[in-house]
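This report describes the fold of one protein chain. Please look at the sequence and the structure below before reading on.

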Amino acid sequence: TQRRATSREAALIDAQTKILEIVKGLEIEGMGTVSKALLTDHELNKKVSGAIWGALELKTEWTSDDGCVVTMRLDKRVLKEIDQRFKI
């Protein structure tokens, strides 16, 4: 049970990290990438962090060795709200 719980937590963190990498690569009008803007704009940083933490866990699958694969979804409405506010 402990191994499954640990592998699930690792899979969730991995999925959130991958979502963050995608979001950081988005271009912001006149500011470069989201990654660059996150360094200077604390409000944008809070919004993006909240969106990542709020991503929905759609599916959890277990491998034969008690590993875990998690499928997550980031709500487009959240990205659209960030886009409208910061012109991504």
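## Overall fold

The model is predicted. The protein contains four helices and four strands, and from the N terminus on the order of its elements is α-β-β-α-α-β-β-α.

The C-alpha trace spans about 50 × 25 × 15 Å along its principal axes. The radius of gyration is 15 Å, whereas a compact globule of 88 residues would have one near 12 Å.

## Burial and contacts

Of the 88 residues in the protein, 27% are buried. The accessible surface comes to about 6,200 Å², and carbon and sulfur atoms account for 54% of it.

Among the contacts with a separation of 6 or more, 53% are between residues 24 or more positions apart.

## Helix H1

Helix H1 covers residues 2–24, which makes 23 residues. From its first C-alpha to its last, H1 reaches 33 Å, close to the 33 Å expected at 1.5 Å a residue.

Its buried residues are Ser7, Ala11, Leu12, Ala15, Gln16, Ile19 and Val23. An α-helix has 3.6 residues a turn, so residues three or four places apart point the same way.

## Strands S3 and S4

Strand S3 (residues 56–62) runs antiparallel to S4, and six bridges join the two. One of the residues involved is Leu56, whose bridge partner in S4 is Arg73. Five residues lie between the strands of this hairpin, where Asp66 takes a positive phi near 65°.

Strand S4 spans residues 68–73. Its covered face consists of Cys68, Val70 and Met72, while Val69, Thr71 and Arg73 form the uncovered one. In a regular strand the side chains alternate between the two faces of the sheet.

Methods. Residues numbered from 1 in each chain as written. Predicted model: local features only at pLDDT ≥ 70, side-chain atom pairs only at ≥ 80, totals over all residues. Heavy atoms only, no water. Expected span 1.5 Å × (residues − 1). Buried < 20%, exposed > 50% of the residue type's maximum accessible area, 1.4 Å probe, protein only. Pairing = 2+ DSSP bridges. Rg over C-alpha atoms; globule rule 2.2 N^0.38 Å. Contact = heavy atoms within 4.5 Å. Areas by Shrake-Rupley, 256 points an atom, 1.4 Å probe, with all protein chains shown as cover.
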